[in-house]
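Dear colleague,

Please find below the structure that I am handing over to you.

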Amino acid sequence: MKKIYYFGYYAPHEFVSGRYNVLSSATKMSYICDAIVDAGFEIEIISASGSYGFERGLKKNIAPHIVLKLFTSFGGGGLIKRILRRLVFIFQMFTYALRNINHNDTVVVYHSLGYMRIINLLKHIIKFRMILEVEEIYSDVKNEQKGKIKELAFFKKADAYMFPTELLDESVNKNHKPSVIIYGTYQVEKPRENCKFDNGILHEKKHLLYAGTFDPRKGGAIAAAAAAEYLPPDYHIHILGFGSDNEKKILQDEVDRIAKLNCATVSMDGLLSGEEYIRFVQSCDVGFSTQMPDAAFNHTSFSSKVLSYLANGLRVVSVKIPALEQSKVNEFLYYYNGKDPKSVAEAVLNIDWNEDYDSRSAIRELDKTFVKEIGVLLANEK
């Protein structure tokens with residue numbers, strides 16, 4: 001089997017302890033690794049994840065045909081210690097790549113400003129084939145024009161790409177190099193038994209769910225809760241997620257205001273994960289993707305909650321944005337326009353519950369397509 005190298009910040013706690021791990025990126029990397037193996041390749045993940053304290057470097061098999069390489073790291077604060085830690089990491093990563101990767105190898109790189117310069121130098125020296133996984137243009141988020149020039153220059157060094165949306169492909173891949181689109185994790189969740197809220201009740205309510213951040217800049221949680229004012233009492237909106245104490249208070253104040261009205265129920269149901277989260281999601285009928293329509297990230301990112309809802313069989317009510325309209329799940333979404341909570345409610349009320357709806361089939365098809373496409377992309381030589 002041909003071996004593929006994969007750079008990224010990856011240290012899931014089920015495999016290693018004491019390392020920094022960004023759950024969202026690690027989850028997507030895990031899925032991509034599984035897809036690469038399914039396509040007929042071996043993979044070695046070269047992780048840039050540092051540690052909280054002192055941790056020795058290691059190399060271990062974490063799954064059939066998947067090896068994880070981590071470097072020695074030490075934690076602690078202080079400017080000198082941080083600089084030293086950074087230099088030690090750069091030296092280890094650089095020398096390991098020089099010893100193990102050659103110009104005939106294919107290297108997948110999860111784009112990060114943290115090691116962009118190192119990868120750029122290694123690419124220049126070794127001249128390996130680089131597939132760049134671009135999740136977003138970070139300098140756009142930070143609004144740094146000088147940083148964007150460097151970032152776009154680095155993007156041009158790639159031989160092929162992975163993008164989360166068709167729009168980002170169009171924006172970055174001006175020379176039409178080989179690319180694949182992967183919105184997120186295409187993991188279908190099997191239906192769980194006995195997890196509906198209203199089992200056995202003659203007149204069931206419709207249960208609607210918002211799961212995600214309470215950050216008012218994203219606007220999703222407040223918009224979902226506010227929609228209750230325009231829905232009848234036989235609807236119940238559940239809010240799952242996370243936020244600061246102040247963000248929770250703002251949301252709770254909105255929930256308390258709505259509770260005084262003759263309308264749908266709204267409840268804040270905490271922060272769930274794992275099997276508990278899946279069962280809660282499957283207890284609902286509709287998932288909300290209600291972020292601000294004019295936010296910059298909407299043009300180049302794909303909401304992970306949309307895939308999560310679809311993978312669990314829910315209908316999805318979403319703000320209408322080009323990234324979703326141009327996607328392969330467009331036909332499974334119920335759109336509303338603008339920021340008005342009344343528009344969110346109208347989208348819910350316009351759902352035809354008698355219409356055939358199988359969102360899991362869409363996720364299965366995306367999975368099959370991605371495994372095929374990533375196999376072709378990896379098999380192509382320079």
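In strand β11, the residue that forms a bridge with I239 is M268. Helices (H or I, at least four residues) and strands (E, at least two) are DSSP runs, numbered from the N terminus. Two strands count as paired if DSSP finds at least two bridges between them.

Before going further, please note that this is a predicted model, in which local features need pLDDT of at least 70 and side-chain atom pairs count only at pLDDT 80 or more, while totals for chains, interfaces and linings use all residues. Residues are numbered from 1 along each chain as its sequence is written, and side-chain values use heavy atoms, with hydrogens and water left out.

Strand β11 belongs to an open sheet of 6 strands, in the order β11-β10-β9-β12-β13-β14, with parallel pairing. Its edge strands are β11 and β14, each of which pairs on one side only. From one strand to the next, the twist averages 25°. For angles such as those between helices, axes are lines fitted to C-alpha atoms, for helices over the stretch in contact, and angles run from 0 to 180 degrees between N-to-C directions.

Why is strand β10 described as largely enclosed? Of the 8 residues of β10 (residues 235-242), 7 are buried, so the rest of the structure largely encloses this strand. Buried means under 20% relative accessible area, exposed means over 50%, and partly exposed lies in between (1.4 Å probe, protein chains only).

Strand β9 (residues 206-213) pairs with β10 in the parallel sense over 8 bridges, and H207 stands opposite H236 in β10. The chain passes from β9 through helix α7 (residues 220-226) to β10 in a right-handed β-α-β crossover. A crossover is right-handed if, with the strands pointing away from the viewer, the path from the first strand over the helix to the second runs clockwise.

β10 also pairs with β11 (residues 265-268), in the parallel sense and over 4 bridges; here H238 has S267 of β11 as its bridge partner. A right-handed β-α-β unit is made by β10, helix α8 (residues 245-259) and β11.

All 5 of the 5 residues of strand β13 (residues 315-319) are buried, so the strand is largely enclosed by the rest of the structure. R315, V317 and V319 point one way from β13, whereas V316 and S318 point the other way. Strand β12 (residues 286-289) pairs with β13 in the parallel sense over 4 bridges, with G287 opposite V316. β13 and strand β14 (residues 333-336) likewise pair in the parallel sense over 4 bridges, and Y335 of β14 is the bridge partner of S318.

V317 and F370 have the most contacts inside the largest nonpolar core, which has 121 residues. A nonpolar core is a set of buried Ala, Val, Leu, Ile, Met, Phe, Trp, Tyr and Cys residues joined through side-chain atoms within 4.5 Å. Not counting residues up to four places away in sequence, V317 touches V286, G287, F288, S289, Y334, Y336, V344, A347, V348 and I351. Contact means heavy atoms within 4.5 Å.

Helix α10 (residues 304-311) packs against helix α13 (residues 359-379) at an angle of about 115°, with their axes 7 Å apart. The contact is made by L307, L310 and A311 of α10 together with S359, R360 and I363 of α13.

In helix α9 (residues 274-282), the residues Y277, I278, F280, V281 and Q282 are buried. Their cover includes β9, β10, α10 and α13.

Leaving aside neighbours within four places in sequence, S327 is in contact with E166, Y183 and F302.

**The eight-stranded sheet**

A further open sheet has 8 strands in the order β3-β4-β2-β1-β5-β6-β7-β8, and its pairing is mixed. Its edge strands are β3 (58-63) and β8 (179-181), and its twist averages 20° from one strand to the next. Strands β6 (residues 129-133) and β7 (residues 160-163) run parallel and are joined by 3 bridges, with E133 opposite M162.
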